[in-house]
Amino acid sequence: MFLRKIMSREELVQRQMEYQRLLSLPACREARAEFLREFAESHRCPGWMKQWLRQGITPPGYLVDHLRPLSWGGPNEPLNMRLLDIDMYNLHQDKWWRYDNG
């Protein structure tokens, strides 16, 4: 369970901007590619995805999600990442967005 302090709208906007900045950094892109390559070699990976994952590319219809959001101090490491289909990703993002916005 994550504990959250009550924050102002300005603090929330600053966190969102920092999150977007972190996602655009080369280190973030490389961490995402490393996660995808590792996932390609796991037994949980469907065979049809491996052609993209081995190259560090997200397969069509999927997005990489951070278990603990970067804006909440989550690490930008493969252990904090998971691959979700777009519908599940949107549900998860909506949950965090509503939680952040009260």
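The buried residues of helix 2 are Cys28, Ala31, Ala33, Phe35, Leu36, Phe39 and Ala40. The model is a predicted one, and what follows should be read as a description of that prediction. Helix 2 covers residues 26-40, 15 residues in all. From its first C-alpha to its last it reaches 21 Å, close to the 21 Å expected at 1.5 Å a residue.

An α-helix has 3.6 residues a turn, so residues three or four places apart point the same way. With that in mind, the buried positions listed above, among them Ala31, Phe35 and Phe39, can be traced along the helix in the display.

The largest nonpolar core has 11 residues: Ala31, Phe35, Leu36, Phe39, Ala40, Cys45, Met49, Leu53, Val64, Met81 and Leu83. Helix 2 and strand 2 (81-85) are the elements that give two or more residues to this core. Helix 2 supplies the largest share, five residues.

Leu36 lies in helix 2 and counts as buried because its relative accessibility is 0%. Which residues does Leu36 touch, not counting residues up to four places away in sequence? The partners are Leu53, Gly56, Ile57, Thr58, Val64 and Leu83. Of these, Leu53, Val64 and Leu83 are listed with Leu36 in the largest nonpolar core. Ile57, another of the contacts of Leu36, is 21 residues away from Leu36 in sequence, and the two C-alpha atoms are 6.9 Å apart in space.

Asn80 is placed in the loop between strand 1 (62-66) and strand 2. Is Asn80 buried or exposed? At 7% relative accessibility, Asn80 falls under the 20% cut-off and therefore counts as buried. Its side chain reaches two backbone atoms: the nitrogen of Arg68 at 2.9 Å and the oxygen of Pro75 at 2.8 Å. Leaving aside neighbours within four places in sequence, Asn80 is in contact with Asp65, His66, Leu67, Arg68, Gly74 and Pro75.

Gln93 counts as partly exposed because its relative accessibility is 25%. Gln93 and Pro69 are separated by 24 residues in sequence, with their C-alpha atoms 9.4 Å apart in space.

These positions can now be set in the whole chain. The chain has four helices and two strands, which follow the pattern α-α-α-β-β-α when read along the sequence. Of its 102 residues, 33% count as buried. Among contacts in the chain with a separation of 6 or more, 49% come from residues 24 or more positions apart. The chain exposes about 6,900 Å², and carbon and sulfur atoms supply 56% of that area.

The mean pLDDT of the chain is 80, and 77% of its residues reach 70 or more. Among the elements, helix 1 (residues 9-24) has the lowest mean pLDDT, 70, and helix 3 (residues 50-53) has the highest, 95. Where pLDDT is low, the predicted coordinates should not be read in detail.

Terms used:
Residues are numbered from 1 along each chain as its sequence is written. Side-chain values use heavy atoms; hydrogens and water are left out. The expected span of a helix is 1.5 Å times one less than its number of residues. Buried means under 20% relative accessible area, exposed over 50%, partly exposed in between (1.4 Å probe, protein chains only). A nonpolar core is a set of buried Ala, Val, Leu, Ile, Met, Phe, Trp, Tyr and Cys residues joined through side-chain atoms within 4.5 Å. Contact means heavy atoms within 4.5 Å. pLDDT is the predictor's confidence in each residue, from 0 to 100. A polar contact is a pair of N or O atoms within 3.5 Å; within protein, one must be able to donate a hydrogen and the other to accept it, and residues adjacent in sequence count only if both atoms are side-chain atoms. Accessible areas come from the Shrake-Rupley method with a 1.4 Å probe; for residues, only the protein chains shown count as cover.
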